[in-house]
Amino acid sequence: MSNIRHLVTAYYPRIDAVDIDWVMALFAPGASYQRADIRYEGIAAIDHFFRVERQIRGTHAIDRLWCDETTRTVFATGMFEGHGVAGDARRAGFADVWRFDADNHVTERQTYLALGHAYVER
(Lines give C-alpha, C1' and ligand atoms only; values in the text may rest on other atoms or scores of the structure.)
Protein backbone atom coordinates (compact mmCIF):
# COMPACT_ATOMS: atom_id res chain seq x y z
CA MET A 1 0.00 0.00 0.00
CA SER A 2 1.40 3.40 -0.92
CA ASN A 3 2.02 5.98 1.75
CA ILE A 4 -0.59 8.43 0.42
CA ARG A 5 -3.16 5.66 0.16
CA HIS A 6 -2.35 4.69 3.74
CA LEU A 7 -2.76 8.31 4.92
CA VAL A 8 -6.21 8.59 3.37
CA THR A 9 -7.24 5.20 4.76
CA ALA A 10 -6.06 6.31 8.22
CA TYR A 11 -7.82 9.69 7.98
CA TYR A 12 -11.40 8.41 8.31
CA PRO A 13 -11.03 6.60 11.66
CA ARG A 14 -9.00 9.58 12.95
CA ILE A 15 -11.66 12.14 12.03
CA ASP A 16 -14.33 9.82 13.48
CA ALA A 17 -12.31 9.86 16.74
CA VAL A 18 -12.10 13.69 16.50
CA ASP A 19 -8.29 13.53 16.43
CA ILE A 20 -7.96 17.02 14.95
CA ASP A 21 -4.23 17.40 15.66
CA TRP A 22 -3.53 14.27 13.56
CA VAL A 23 -5.88 15.46 10.82
CA MET A 24 -4.30 18.92 10.64
CA ALA A 25 -0.81 17.42 10.38
CA LEU A 26 -1.89 16.00 7.00
CA PHE A 27 -2.32 19.42 5.38
CA ALA A 28 0.34 21.60 3.77
CA PRO A 29 0.35 25.27 4.95
CA GLY A 30 -1.11 26.54 1.66
CA ALA A 31 -3.65 23.74 1.27
CA SER A 32 -7.20 24.28 0.12
CA TYR A 33 -10.31 22.30 0.99
CA GLN A 34 -13.36 22.52 -1.26
CA ARG A 35 -16.22 20.97 0.70
CA ALA A 36 -19.34 20.75 -1.43
CA ASP A 37 -20.26 24.40 -2.05
CA ILE A 38 -17.79 26.07 0.36
CA ARG A 39 -14.02 26.52 0.12
CA TYR A 40 -11.40 26.83 2.89
CA GLU A 41 -8.08 28.39 1.84
CA GLY A 42 -4.96 27.88 3.94
CA ILE A 43 -4.19 25.95 7.07
CA ALA A 44 -5.83 28.47 9.44
CA ALA A 45 -9.19 28.28 7.65
CA ILE A 46 -9.05 24.47 7.42
CA ASP A 47 -8.12 24.24 11.11
CA HIS A 48 -11.02 26.52 12.07
CA PHE A 49 -13.41 24.35 10.08
CA PHE A 50 -12.33 21.12 11.77
CA ARG A 51 -12.11 22.56 15.29
CA VAL A 52 -15.12 24.89 15.33
CA GLU A 53 -17.52 24.44 12.42
CA ARG A 54 -17.55 20.66 11.99
CA GLN A 55 -19.58 19.43 14.95
CA ILE A 56 -21.18 16.32 13.52
CA ARG A 57 -20.09 13.00 14.98
CA GLY A 58 -20.25 9.53 13.52
CA THR A 59 -18.39 7.05 11.36
CA HIS A 60 -17.22 6.88 7.79
CA ALA A 61 -17.39 3.62 5.85
CA ILE A 62 -15.22 3.58 2.74
CA ASP A 63 -16.51 1.44 -0.10
CA ARG A 64 -13.92 2.28 -2.77
CA LEU A 65 -10.44 3.76 -2.76
CA TRP A 66 -8.27 4.44 -5.80
CA CYS A 67 -4.74 5.77 -5.79
CA ASP A 68 -2.91 7.34 -8.74
CA GLU A 69 0.78 7.49 -7.82
CA THR A 70 1.67 9.47 -10.94
CA THR A 71 -0.51 12.45 -10.04
CA ARG A 72 -0.29 11.78 -6.26
CA THR A 73 -4.08 11.69 -6.09
CA VAL A 74 -6.33 9.45 -4.02
CA PHE A 75 -10.07 9.04 -4.64
CA ALA A 76 -12.39 7.68 -1.95
CA THR A 77 -16.13 7.05 -1.89
CA GLY A 78 -18.24 5.99 1.03
CA MET A 79 -21.00 6.67 3.51
CA PHE A 80 -21.08 8.79 6.67
CA GLU A 81 -23.53 7.85 9.42
CA GLY A 82 -23.85 9.74 12.66
CA HIS A 83 -25.65 12.62 14.32
CA GLY A 84 -25.73 16.39 14.29
CA VAL A 85 -25.08 18.64 17.27
CA ALA A 86 -28.78 18.39 18.29
CA GLY A 87 -28.62 14.57 18.21
CA ASP A 88 -30.50 14.25 14.92
CA ALA A 89 -29.52 11.34 12.66
CA ARG A 90 -27.28 12.09 9.67
CA ARG A 91 -26.52 9.82 6.74
CA ALA A 92 -24.76 11.01 3.60
CA GLY A 93 -22.77 9.52 0.77
CA PHE A 94 -19.56 11.28 -0.18
CA ALA A 95 -16.71 11.25 -2.65
CA ASP A 96 -13.30 12.68 -1.73
CA VAL A 97 -10.43 13.66 -3.98
CA TRP A 98 -7.10 14.11 -2.20
CA ARG A 99 -3.98 15.61 -3.82
CA PHE A 100 -0.57 15.30 -2.15
CA ASP A 101 2.79 17.02 -2.53
CA ALA A 102 6.13 15.19 -2.62
CA ASP A 103 6.30 15.35 1.21
CA ASN A 104 2.97 13.52 1.56
CA HIS A 105 1.05 16.59 2.70
CA VAL A 106 -2.40 17.34 1.34
CA THR A 107 -2.30 20.33 -0.99
CA GLU A 108 -5.89 20.07 -2.11
CA ARG A 109 -8.91 18.14 -0.98
CA GLN A 110 -12.33 18.18 -2.56
CA THR A 111 -15.39 16.58 -0.97
CA TYR A 112 -18.56 16.02 -2.95
CA LEU A 113 -21.73 15.91 -0.88
CA ALA A 114 -25.09 15.56 -2.60
CA LEU A 115 -26.81 17.36 0.28
CA GLY A 116 -24.42 20.32 0.56
CA HIS A 117 -21.84 21.20 3.19
CA ALA A 118 -24.27 22.41 5.89
CA TYR A 119 -26.02 19.02 6.20
CA VAL A 120 -22.87 17.39 7.53
CA GLU A 121 -21.58 20.27 9.65
CA ARG A 122 -23.87 20.73 12.64
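Reader: What makes β4 and β5 a pair, and in which sense do they pair?
Author: Strands are DSSP runs of E, at least two residues long, numbered from the N terminus; helices are runs of H or I with at least four. Two strands pair if DSSP finds at least two bridges between them. β4 and β5 share 11 bridges, so they count as paired. The sense is antiparallel. In β5, Phe94 is the bridge partner of Gly78.

The model is predicted: local features need pLDDT of at least 70, side-chain atom pairs count only at pLDDT 80 or more, and totals for chains, interfaces and linings use all residues. Residues are numbered from 1 along each chain as its sequence is written, and side-chain values use heavy atoms, without hydrogens and water.

Reader: Why are β2 and β3 called edge strands?
Author: The open sheet has 6 strands, in the order β2-β1-β6-β5-β4-β3, with mixed pairing. β2 (38-41) and β3 each pair on one side only. Neighbouring strands are turned by 15° against each other on average, direction ignored.

Reader: Which strands does α1 touch, and at what angle to β3 does it run?
Author: α1 packs on the sheet and touches β3, β4, β5 and β6. Contact means heavy atoms within 4.5 Å. The direction of α1 makes about 175° with that of β3. Such angles run from 0 to 180 degrees between N-to-C directions, with axes fitted to C-alpha atoms, for helices over the stretch in contact.

Reader: How do you know that the span of α1 agrees with its length?
Author: The expected span is 1.5 Å times one less than the number of residues. For the 14 residues of α1 (residues 3-16) that gives 20 Å. The end C-alpha atoms are 20 Å apart, which agrees.

Reader: Why is Gln34 called buried rather than exposed?
Author: Buried means under 20% relative accessible area; exposed is over 50%, and partly exposed lies in between (1.4 Å probe, protein chains only). Gln34 has 16%, so it counts as buried. Gln34 sits in strand β1. A polar atom of its side chain lies 3.0 Å from the backbone oxygen of Ala36.

Reader: What makes a nonpolar core, and which residues touch the most other members of the largest one?
Author: A core is a set of buried Ala, Val, Leu, Ile, Met, Phe, Trp, Tyr and Cys residues joined through side-chain atoms within 4.5 Å. The largest has 25 residues; Val8, Tyr11, Phe27, Ile46, Phe50, Trp98 and Phe100 touch the most other members. α1 gives the largest share, 6 residues.

How values were computed. Polar contact = N/O pair within 3.5 Å; in protein donor to acceptor, adjacent residues only side chain to side chain.
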